[in-house]
Amino acid sequence: MTDKGNLLEVRGLTKCYKGDVKALDNVSIDVRRGEFVTIIGASGAGKSTLLRCINRLIEPTTGTVAFDGREMTTLGKHDLRLARQRISMIFQHYNLVYRMTAIENVLHGRLGYKSTLAGALGLYSEDEKALAFKVLDQVGLSDFAYTRTDQLSGGQKQRVGIARALVQEPLLMLCDEPIASLDPKSSRTVMERLRWVADELNIACLVNLHQVDFALEFSDRIIGLAKGKKVFEGTPDEVNEEVVHEVYGDIDIEGLPGDRMVPTIVQADVAGGTAGASSTGVA
Amino acid sequence: MAARKLAPLGPNGGAEDSLAKTNAFFRKKTLVLFAMVVAFFVINGVSGAFVEFDFVSAAVDVPAGIVWMLSEFAPSASSLEYLDSIMPALGSTILASVASSCIAAVFSFILAVLGSRSVGIGGPMALIVRAIASIFRNIPVVAWALVLLFSFKQSEFTGFLALFLTSFGYLTRCFLETIDEMSTGPIEALRATGATYFQIVVQAVIPMSVTSVISWVLYMIETNIRDATLVGILTGTGIGFVFDVYYKSFRYDVAGLTLVTIVIVVIACETLSNYIRRRIM
Amino acid sequence: MSEAGNSPARRTRSGKLRVHVMHKADAALWVVVGALVAVTVFAMVIMDYGKVNFFDACVAALGDFWEMMSTPGLAGHFTAEDVIVGLFESLALAALTTFIGAVIAFVFGLFAAVNLSNKAASNVIKILMSIFRAVPTILWVLVFSVAIGLGPEAAVAGLLFHSIAYLVKAYSEAFEEIDPGTLEALRASGARWWQIVFQAVIPAKTNELLSWTFIRFEINFVNAVAVGAVAGAGGIGYQLFLAGSFYLNLHEVGLIVYLCLAVAVVLEIIATQLRKRFIVQQ
């Protein structure tokens, strides 16, 4: 908790797809160590693209991304691999290899650290294995280490995803709609886990969400994206109806600051119901 | 499971409602159906006239032919003595089918991974692999057999090679489809952790595709046992050759016995494949 | 699912942390892979490689293949017209087989679909079809060419069996996908069996049935070429056989191969598109 300097500095990030559609338009954000930042926005606003430009799963068109003092956008293949070691990612659809057990999936998080052959053959060191069991315990799944992941529930799958992210010993976790496919109860468990990761392990979390109420409840800071542009940045207290209107357009969203006292789960269907489909559509 | 609705049929309960609403649609549909029936007769008529196919005599002859076949090709007691010559040929055909499918599968899988749109190496590779698959698959097996016969002469290996080449084309296409239909999420996840290409292939692509791959290989073995008959007749090897010899020397009872053994093997193979498919999920 | 999982962190005999446990499906998978590898190795070891030098034969085969593919042309045994007519004959045989097969398969398909028929009829048809399928096409053709005499009738009759078996499977599976609610609603409204078939089943599945039929046409063309070669049933396949094993002329083989390839590739592309658009698997 000592170093609160900027871990991530994104400047003027722009991503154009064919036909000059700007998925991201001159976006700049900062994330401090251990900070929990949420990005809200309608589907197709560019949230997924933004996250993927940071670890270069998608190549940005222009702009810079400085992570832990190192410029990401100019890295060669080898250096990019090293940089990705400390940036982990979790996904809406968990993206686990279902034929494999939970512990094997968790250990996939170590692949970036390993030589090609050792990684491919799954030859992990005792330390790595011990760490994998530890993080699996931290997400509350130590009983399921040897269970095939296709037998787990959605919430459990996502927690395996978090464990896979943690085993990387990351400085930054990119979370792409982590609870969009989960029921309210599992959603809360997953969000609490992520908040815990930021608080206790001092890992910064950059989270795409479409549930405004969850964003308000868990974030240190909220960023609003609309049509690829940053239209809002501030603390949860600063989010009001005007802001939401600007982010989502003319759509009624429940669970706004006005009725914040009612902790209902907002499935902001218009904004998020198709988030999965559209994020892949944009990406 | 959810099949795409191809026609605006009413879902549960709303049958009457949607029927009324789509009356006009069905009138159009009836016209289309009528047009298809006409096209059906026209194409059949033209094709039939072109090859001088006699529908009437076919309708009369085929059932009679089946009866004749059942009596003439029924294995007789004396034909059982020939089992000694049938069994080794049957065995070598099965072995050649398995070997050609498995070896082709190795090459096909490597090629399919490299050429797939989701995990391939990109660039022109996707097109090249598809072209190779299409050429190998669509050159008639007859042509392969004849060309190979020129240089490899009449041997089991020639039959094996002909099966191998067609299997290679077919499996490459199937594996390409399998890999492309696979969810790309885990691959993206592994890429994000900094995994290398080879690690991604071994740790994600193979585990995710292995059941389909095995399933296709089993199907290929079954298909190859059947195709081995054709290849065998052309290259003078295996069970196809045995059938051909007895067929051409009018020992229809022995040819029929050969046929029965093939049927038994193919059905056994199919049953075993289905059992294995369930077990490896 | 129950909360009873496995106990945490097991160790191997050497005291290392265990990360891989063999699940039943994995074990089955390894058994299958092991068996396939063993059979393959055994087959390659005992195979009769003939008397030719393997290396020389490979070089010769590649040379022949190259000659065939690089210099296609006519060499006087056939005219261009012969070959084109042959191609259309094969196409016509494939078309006849497909259409006649489709009609027969449609009827069988209705009775093979468990939601439109009963279990017994469905099973009988399915067993019959797997016997149809188990006999290689070429043998059906050879048998029919002695049973009813060499000619297009024998070729079509022989090709029909696999065509019917394939389409019955495709059709009946398409029928079985029909929303049970729709059938229930129609049955509740007193519709007769044939009314259900013509009002609900056919309209809902027309595109899918047609797609499968076309896909089968593609396969039938390939088969028509093959049986033409071996059973002397005519068409371009027979010319291919003559050019390859009688006149021993690689240029003609090349030309015919290119023609077959062109037709097959066009059909394959159309079939792939149809499959993508109209047949949603699983």
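Modeller: Happy to! In chain C, the centres of domain 1 and domain 2, taken over C-alpha atoms, lie 41 Å apart. An automatic or database domain assignment sets such bounds, and for chain C it gives 2-46 as domain 1 and 68-278 as domain 2. Before going on: this is a predicted model, where local features need pLDDT of at least 70 and side-chain atom pairs count only at pLDDT 80 or more, while totals for chains, interfaces and linings use all residues. Residues are numbered from 1 along each chain as its sequence is written, chains are lettered from A and ligands numbered from 1 in the order in which they are written, and side-chain values use heavy atoms, with hydrogens and water left out.

Now to chain A. Its domain 1 is made of 1-82, 173-181 and 200-283, and its domain 2 of 87-169. Contact here means heavy atoms within 4.5 Å, and it joins 19 residues of domain 1 to 16 residues of domain 2. Together the two domains bury about 1500 Å², 60% of it from carbon and sulfur atoms; buried area is the accessible area (1.4 Å probe) lost when two parts are put together, summed over both. On the domain 1 side, Arg81(A), Met173(A) and Ser181(A) give 35% of the buried area, more than any other three residues. The elements giving two or more residues to that side are α1 (47-54), β7 (172-176) and α11 (275-282) of chain A. β7(A) has the largest share, with four residues. By class, that side holds 12 nonpolar, three polar and four charged residues. Zero salt bridges are counted between these domains; a salt bridge needs a side-chain nitrogen of Lys or Arg within 4 Å of a carboxyl oxygen of Asp or Glu.

Chain A also meets chain B, through 30 residues of chain A and 22 of chain B. One salt bridge is counted between the two chains: the side chains of Arg52(A) and Glu188(B) meet at 2.4 Å, N to O. On the chain A side, α2 (77-84), β6 (87-90) and α4 (116-120) each give two or more residues, and α4(A) supplies the largest share, four residues. The classes there are 12 nonpolar, 11 polar and seven charged residues.

Terms used: Nonpolar A, V, L, I, M, F, W, Y, C, P; charged D, E, K, R; others polar.
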